[in-house]
Each structure stands twice: as C-alpha cells, then as structure tokens.
Amino acid sequence: MKQLFLIGLLVATAVTALGTAQTPEEINDNGVDKELAAYLLELDSATFSRLRDRIPDKPVSTGLWRRYIGHWKIRNDSLFLDSVLVMGTDRFEPAKIDDIYSSRRTPSGYFADWIMDTLRIVSGEIIRYEHMGWASDWENEEYVTVKDGIIKGRTIYKNRVVNPIGVNYDSIKSVIDSLDLGFIPKMIVLRLEYDGFDENGTATGYKAEVIRSCGDTAVDDRVVRAITGSTKIFKMIPIYYIRGQYKAPGLSVKIPASPA
C-alpha cells in the first residue's frame, strides 16, 4: 500500500551564535575583500565597554543582533581594525573610535594587539546555508591564527557540493510511494543517513534508524528493509566536502499509519 510522507533535512550544527543567520564582519586581506565570521571587538572587554555606549540600542535587523559591523585589515603579517559601522538615521555610518583606540593607531589602522584567537575568514558563495549565526559553509574558508595581533598561521579549505542535484522531494516521494511497505498501525519516523564515504565522496553504505516506532518492531524492521533497499532515496541526500571531510545531513522521513 502506498504511504503518504513528510520529509525534512536534519543538520547537526554546533550553536556558535544567535539563532538567526548573521551578517559577517568585513575584512580586507592584503588587498582582497572577504568576510570575517568572528567576534573580535568584544575580546577586549575594557575598550568594548566604552565602545558599547556608541552602538545604538535598537537592533538593525534579525541578521545583525550585535548592531554593528567591524571593518578589519590584514597587512602582511598584522591585523588591524579599520572602522566600526553603526546604523545612523537611515544608513550605516562610522562610529567614533579614535579616542578609544588611539594608543593602537598606525598608518594601516588600529593595531589589534588584543587578538589572540583563530579567525574564520570566508569568501565565495555559500554552499550550505544554515539559519544559525555563522554556521553556514562558504566555498572558501581560511582559519588564520593570530597572537597579539600578529598572523602566525593560515589553513585554507576549499569546500564544495559533491552531488549538486541534492534533495528532490517529489522524486523521493515517488520512490517511497512505489515501495510495498505493508500495513502500518501507527506513524513511523525514520532517520536516513549515509553509512560512510570513500576517498572520492561516494557513499559506502546506507542506514535507517527508527526515531519513532509504530509499536510493532516487526513492522518497523520491514519498513527499514524496504527503505534501505532503495538506494535511489539516499542518492538524493546532499553530500558536501567541508574542511577536508565528506559530510551529509540526515533525512527525516515520516510515514503515517495506514488508512483504517
């Protein structure tokens, strides 16, 4: 009997910022404009406590909860703060910061000697969007190690989508509708995943986990066997090459009870 179903991608992502995709900082990296997915101003609590009074209280948008955009520079082996933009009456305007950072003023900007962190610098297109802080993945990601404002190292990643076709909900529905799942007394919820990847990003296996049982393990097992026996479903789950590893989200499949 054909079954109706609902599906959704489940992406396991660490919550590193607020629960809405956020606007990155801006950074000019030795003449190339990129974006910076990191909070740096707050790392110097003494100066930021003074700067906070110059940042408007009213949020600009849900995509900019911090209410400012820092502009930064990397020149040769050093990191500098260039400016801090805040919303004025109807547009972004530079905040007054020279009196706060005057002791760090140089011809290249304000030397960011308080930074002892690894910066995540991103550029290119977003290849995997996540509606959470800076949790999305960009084509190009660079992890730049900074100690006392000096660049100490840089690791570069080239991210990509392995199977550009990705999820096709209509096609998945068609495949599931074609399977003989038998009588199902109550809704079953499955999580479908790849079981691993070879060196080329090809899936080495597939697995289905019962998240919600129908109450009859024999029926659960029968549905799992039917689903995992159809590799067409799994091949429509997107695979990404992210920071040197092949990754894929799980696919949640909800199969309702059979009609009475």
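**Confidence first**

I began with pLDDT (the predictor's confidence in each residue, from 0 to 100): the protein has a mean of 89, and 93% of its residues reach 70 or more. Residues 11-17 fall below 50, and beyond near neighbours in sequence this stretch has eleven contacts in the model; contact here means heavy atoms within 4.5 Å. Where pLDDT is low, the predicted coordinates should not be read in detail.

My ground rules: this is a predicted model, in which local features need pLDDT of at least 70 and side-chain atom pairs count only at pLDDT 80 or more, while totals for chains, interfaces and linings use all residues. Residues are numbered from 1 along each chain as its sequence is written, and side-chain values use heavy atoms, with hydrogens and water left out.

**Helix 4**

I took helices (H or I, at least four residues) and strands (E, at least two) as DSSP runs, numbered from the N terminus. Helix 4 covers residues 217-228, twelve in number, and spans 16 Å from first C-alpha to last, close to the 16 Å expected at 1.5 Å a residue (1.5 Å times one less than the number of residues).

Which residues of helix 4 are buried? I found Val 219, Asp 220, Val 223, Val 224, Ala 226 and Ile 227, with buried meaning under 20% relative accessible area, exposed over 50% and partly exposed in between (1.4 Å probe, protein chains only). Seen down the axis of helix 4, they fall within an arc of 165 degrees, so they line one face; the arc is that of the directions from the helix axis to the C-beta atoms. On the other side, Thr 217, Ala 218 and Arg 225 are exposed.

The cover over the buried residues includes helix 3, strand 13, strand 14, helix 5 and strand 17. At the start of helix 4, I noted a side-chain oxygen of Asp 216 within 3.0 Å of the backbone nitrogen of Ala 218.

Strand 2 (25-29) pairs with strand 3 (32-36) in the antiparallel sense over five bridges; pairing takes at least two bridges found by DSSP. Glu 25 stands opposite Leu 36. Two residues lie between these strands in the hairpin, where Asn 30 takes a positive phi near 50 degrees. Strand 3 also runs antiparallel to strand 9 (116-128), joined by two bridges, and Glu 35 has Val 122 as its bridge partner there.

**Asp 44**

My last stop was Asp 44, in the loop between strand 3 and helix 1. Asp 44 is buried, at 12% relative accessible area. Not counting residues up to four places away in sequence, Asp 44 touches Arg 104 and Trp 114.

Conventions:
Polar contact = N/O pair within 3.5 Å; in protein donor to acceptor, adjacent residues only side chain to side chain.
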